[in-house]
Amino acid sequence: MAVSCFVAFLALAIAFSHLPLLPLASDQDPLQDFCVADFVQPLHVTGYACKNPALVNASDFVYHGLSQRGNTSNYNNAAATLCFVEHFAGLNSLGLSMARLDLELGGIIPPHIHPRGSEIIFVIQGSLYAGFVDTKNRLFAQVINAGDVMLFPRGLIHFQLNVGKVPAFAIVALNGQEPGLQFIANSMFGSYIKPEVLEKTFSLSGNVVETLQSFFSKP
Ligand SMILES: *[C@@H]1O[C@H](CO)[C@@H](O)[C@H](O)[C@H]1NC(C)=O
Ligand SMILES: *[C@@H]1O[C@H](CO)[C@@H](O)[C@H](O)[C@H]1NC(C)=O
C-alpha cells in the first residue's frame, strides 16, 4: 500500500513537474469549519484557540465596527479603522481581514507595511494617489478613483493620499487574519532608536532628529 502510494505520488510529481511552482503564501488552512477566537485562552503560534463550537452563533460572524467613519482629527487627516482578528474573533483561522479608510481633503495614510498580508483596495468615494515600492525601490503609483481596485503585495511599503475634491472612502481586504500594520515614520522616529543611528541613516542634524522623535513618539 505504502509503495503504491509512493509510486502514485511519483507519477503525479512527474506529471506536474512541467508546471511552474505555484506560490503558497497565505494563512494556514483551517482544520474545521470555523474556529472563532477564544480570547480567554493563550495565543498559539497558529493563532487563537477555538471557542467551543456549540457556543458559536451568527453574531460571531458579523462585525459592526466598520459602519462608522473613522476619527480623522489627527495630523494625517485620515483614519484606518481595522477589522483584524483581535477586533473580529470570527476571522480566526480564515486568513482574511479588512479595514476601512477615511481620508479628508489632502488626508494621507502614510507609508506603511503589512508584514503578513497582501492588500486589495476598493475605492468607494473620491480619488487617491496610491502606490507601493518594491524591494528594488521601484515605485508603482497612480491615481485611483471610485470603483477602482488596486493591489499592494505583501510586505511592501505603500500609501494612499487623498488628491480628490471630496473626502475619500475606501475598503481594503487583506489575506491574513492579523496582517500587522507598521508605519515607517513612526517606527523610525517614534521608537526611541539611538539618535545617532537616525542622524547617520537619514543624514540629518541632531536637532532635526530630536524634533522628529518628539513628534512621532506622541501617542
Ligand atoms: C449569540 O449568543 C450571544 C450570547 O452568547 C447572544 O448575546 C447573542 O444574542 C446571540 N446571537 C444570535 C444571533 O443568536
Ligand atoms: C477624535 O480624535 C480627537 C484627537 O484624538 C479627539 O480629541 C476627539 O475627541 C475624537 N473625536 C471623537 C468623536 O471621538
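Mentor: We'll take the sheet, then the disulfide, then one glutamine. Keep in mind that this is a predicted model.

Trainee: Fine. What order do the strands of the open sheet come in?
Mentor: The order is β3-β4-β11-β6-β9. That makes five strands, with antiparallel pairing.

Trainee: Which strands stand at the edges?
Mentor: β3 (78-83) and β9 (149-152). Each has a single partner strand, so one side of each has no neighbour in the sheet.

Trainee: And how far are neighbouring strands turned against each other?
Mentor: By 20° on average, direction ignored.

Trainee: How many bridges join β4 to β11?
Mentor: Seven. β4 covers residues 97-103 and β11 covers residues 168-174, and the two run antiparallel.

Trainee: Which residue in β11 stands opposite aspartate 102?
Mentor: Phenylalanine 169.

Trainee: Switching topic. How many disulfides does the structure hold?
Mentor: One. Cysteine 35 and cysteine 50 form it, with their sulfur atoms 2.1 Å apart.

Trainee: Left-handed or right-handed?
Mentor: Left-handed, with -100° about the S-S bond.

Trainee: Where do the two cysteines sit?
Mentor: Cysteine 35 is in the loop between α1 (2-15) and β1 (37-38). Cysteine 50 is in strand β2, residues 49-50. They are 15 residues apart, and the pair links distant parts of the chain.

Trainee: Is cysteine 35 buried or exposed?
Mentor: Buried, because its relative accessible area is 5% and the cut-off is under 20%.

Trainee: And what about cysteine 50?
Mentor: Cysteine 50 is partly exposed, with a relative accessible area of 33%.

Trainee: What does cysteine 83 count as?
Mentor: Buried, at 4% relative accessibility.

Trainee: Now the glutamine. Which helix does glutamine 213 lie in?
Mentor: Helix α4, residues 206-216.

Trainee: Buried or exposed?
Mentor: Glutamine 213 is buried, with a relative accessible area of 12%.

Trainee: What does glutamine 213 touch, leaving out residues up to four places away in sequence?
Mentor: Phe189, Tyr192, Ile193, Pro195 and Leu198.

Trainee: Take isoleucine 193. What's the C-alpha to C-alpha distance from glutamine 213?
Mentor: 9.0 Å in space. In sequence, glutamine 213 and isoleucine 193 are 20 residues apart.

Definitions and conventions
Residues are numbered from 1 along each chain as its sequence is written. Chains are lettered from A and ligands numbered from 1 in the order in which they are written. This is a predicted model: local features need pLDDT of at least 70, side-chain atom pairs count only at pLDDT 80 or more; totals for chains, interfaces and linings use all residues. Side-chain values use heavy atoms; hydrogens and water are left out. Two strands pair if DSSP finds at least two bridges between them. Helices (H or I, at least four residues) and strands (E, at least two) are DSSP runs, numbered from the N terminus. Axes are lines fitted to C-alpha atoms, for helices over the stretch in contact, and angles run from 0 to 180 degrees between N-to-C directions. Buried means under 20% relative accessible area, exposed over 50%, partly exposed in between (1.4 Å probe, protein chains only). Contact means heavy atoms within 4.5 Å. A disulfide is a pair of cysteine sulfur atoms within 2.5 Å.
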